[in-house]
Amino acid sequence: MIMVTTLLEFMKDNSMDIIMVIIQHMFVHTMNMHMEVSKVDATKVAYRARESPYPLITVDEALKIVLDHANQLGTEQVNFRKSLGRFLAEDVYAHDPLPPFPASIKDGYAVIAADGSGNRLVAGDSTAGSVPVGELVPGYCVRINTGAPVPKGADAVVQVEDTVLIKEADDGKTEVEIKIMSEPKLGQDIRPIGSDIKTGEKVLCAGQKLGPSELGLLATVGVTQVLCYKLPVIGVMSTGNELLEPDEPLKDGLIRDSNRTTLIAQLIDHGFPVMDLGVAQDSPDAILKLFTSSLKKCDVIVTTGGVSMGDKDLLKGVLETDLKAKIHFGRVFMKPG
Ligand SMILES: Nc1nc2c(c(=O)[nH]1)N[C@H]1C(S)=C(S)[C@@H](COP(=O)(O)OP(=O)(O)OC[C@H]3O[C@@H](n4cnc5c(N)ncnc54)[C@H](O)[C@@H]3O)O[C@H]1N2
Ligand code: MOO
């Protein structure tokens with residue numbers, strides 16, 4: 001269902017001169033895969049329908065029909081680095097807290113708040129990536145950087161801006177004593193363990209689309225393999241005797257196929273794996289042949305052309321007569337349609 005939602009987003013975005021025919025995966029199993037001679041009789045032009053049998057329906061109704069009839073594809077494990085744009089098929093939980101240790105929010109000094117403002121001897125330092133040794137005792141502070149572990153005994157951090165240097169070692173490499181100019185509050189500028197993410201917390205929900213932030217979250221919690229819904233392989237097919245490839249010179253009565261290029265680019269833009277199915281000529285056999293081979297390779301087929309009232313509009317006949325497909329709708333209130 002999730003994949004179809006994306007497809008619908010795609011459909012909503014596209015107000016092109018196209019009619020989309022969505023063939024569900026299940027047809028692959030129910031149709032006769034070896035049938036390549038169509039039973040559609042396209043020769044009786046005089047007896048073709050003079051009215052469309054399809055009622056006009058709204059875009060919303062059309063989208064609902066697609067959603068109601070689309071099959072959900074299976075799931076697969078995906079490395080998180082390759083999961084951008086995919087949809088989660090499972091909830092993701094944090095196995096560790098974030099931060100995993102009390103961490104400083106500022107560059108400054110770890111202190112004991114109860115010592116108040118005033119002078120402190122500098123007992124050492126704690127930089128990001130280090131493990132501070134020992135326990136802070138009253139009257140002392142530890143120089144600390146943002147993200148570094150707050151040493152045992154300390155319960156506040158005072159930013160460097162709120163301190164002055166009282167005494168340094170002769171070589172200037174070490175601070176010996178500083179003065180805290182502001183009264184430290186308990187817990188000030190410390191991120192306690194698990195304050196961002198608690199152990200066991202659900203960080204992502206099944207069904208969520210994975211964007212850049214979600215990938216960062218997966219990296220944070222160390223979940224590098226995620227269960228995602230499979231993406232539908234979408235085939236794009238043009239129909240029509242008049243269509244040339246884009247690199248071909250024009251000939252009498254012919255035009256270049258532009259729909260296929262546009263649709264393929266749009267589908268790629270939406271993150272789908274796409275197959276270029278080429279052009280089916282305007283004959284029932286040609287359409288059936290291309291459909292039959294395409295259904296083995298694609299979950300969804302998007303076609304353009306050949307669905308209106310002309311005697312060469314043969315697509316729907318092939319779908320119903322040869323492939324035993326059900327056409328759920330044929331006309332949508334939409335301009336261009
Ligand atoms: N008697 C009626 N005729 C038409 C009706 C109608 O209600 N009654 N509706 C018109 C409208 S609106 C449209 S839209 C078209 C829909 O026709 P099809 O979807 O069957 O498309 P075609 O007839 O095959 O082609 C229409 C037009 O588009 C050009 N085309 C087709 N494919 C491509 C492609 N891949 N790249 C570039 N151009 C393409 C094709 O050459 C035609 O010019 O029906 C109207 N007629
Ligand atoms: O795109 Mo047609 O020309 O309105 O259905």
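Q: Where does Val150 sit?
A: Val150 is in the loop between strand S7 (140-144) and S8. Keep in mind that this is a predicted model.

Q: Is Val150 buried or exposed?
A: Its relative accessibility is 10%, so Val150 counts as buried, the cut-off being under 20%.

Q: What is Val150 in contact with, leaving aside neighbours within four places in sequence?
A: Pro102, Ala103, Ser104, Ala110, Pro132, Ile144, Val157 and Ile190.

Q: And how far apart are the C-alpha atoms of Val150 and Ser104?
A: They are separated by 6.1 Å, with the two residues 46 apart along the chain.

Q: Ala110 and Val157 were both on that contact list. Which strand is Val157 in, and what stands opposite it?
A: Val157 is in S8, and Ala110 stands opposite. Strand S5 (residues 108-111) pairs with S8 over four bridges, in the antiparallel sense.

Q: What's the strand order in the sheet they belong to?
A: S8-S5-S7-S6-S10-S9, six strands in an open sheet with mixed pairing.

Q: Which strands are at the edges, and why is one side of each left without a neighbour?
A: Strand S8 (156-159) and strand S9 (163-168). Each has a single partner strand, so one side has no neighbour in the sheet.

Q: How much are neighbouring strands turned against each other?
A: By 40 degrees on average, direction ignored.

Q: Switching to the nonpolar core. Which residues of the largest one touch the most other members?
A: The largest core has 20 residues, and the ones touching the most other members are Met237, Ile287, Phe291, Ile301, Leu315, Leu319 and Leu323.

Q: Which elements give two or more residues to this core?
A: Strand S17 (274-280), helix H6 (284-295) and helix H7 (315-322). H6 gives the most, with five residues.

Q: What does Met237 touch, not counting residues up to four places away in sequence?
A: Leu277, Gly278, Ala280, Leu290, Phe291, Ser294, Ile301, Val302, Thr303 and Thr304.

Q: What other core lies apart from that one?
A: One of 15 residues, among them Val78, Leu215, Val221 and Val226.

Q: Back to H7. What's going on with Lys316?
A: Lys316 is in helix H7, and it is buried yet has no salt bridge. The nearest side chain of opposite charge is Asp313, 7.4 Å away, whereas a salt bridge needs the charged atoms within 4 Å.

Q: Then what is Lys316 in contact with, neighbours within four places left aside?
A: Tyr54, Val307 and Ile327.

Q: How about Lys324, is it buried or exposed?
A: Lys324 is exposed, at 62% relative accessible area. Lys324 is found in the loop between H7 and strand S19 (331-332).

Q: What is its phi?
A: The phi of Lys324 is positive, about 55 degrees, although it is not a glycine.

Q: And what about phi at Asp189?
A: Asp189 also isn't glycine, and its phi is near 55 degrees, a positive value. Asp189 is in the loop between strand S10 (175-180) and strand S11 (190-191).

Q: Last one: which residues does the cis peptide bond join?
A: Leu98 and Pro99, with omega about -5 degrees. Pro99 lies in the loop between strand S3 (92-93) and strand S4 (103-104).

Methods: Residues are numbered from 1 along each chain as its sequence is written. Chains are lettered from A and ligands numbered from 1 in the order in which they are written. This is a predicted model: local features need pLDDT of at least 70, side-chain atom pairs count only at pLDDT 80 or more; totals for chains, interfaces and linings use all residues. Side-chain values use heavy atoms; hydrogens and water are left out. Two strands pair if DSSP finds at least two bridges between them. Axes are lines fitted to C-alpha atoms, for helices over the stretch in contact, and angles run from 0 to 180 degrees between N-to-C directions. A nonpolar core is a set of buried Ala, Val, Leu, Ile, Met, Phe, Trp, Tyr and Cys residues joined through side-chain atoms within 4.5 Å. Buried means under 20% relative accessible area, exposed over 50%, partly exposed in between (1.4 Å probe, protein chains only). Contact means heavy atoms within 4.5 Å. Lys and Arg count as positive and Asp and Glu as negative; His and the chain ends are not counted.
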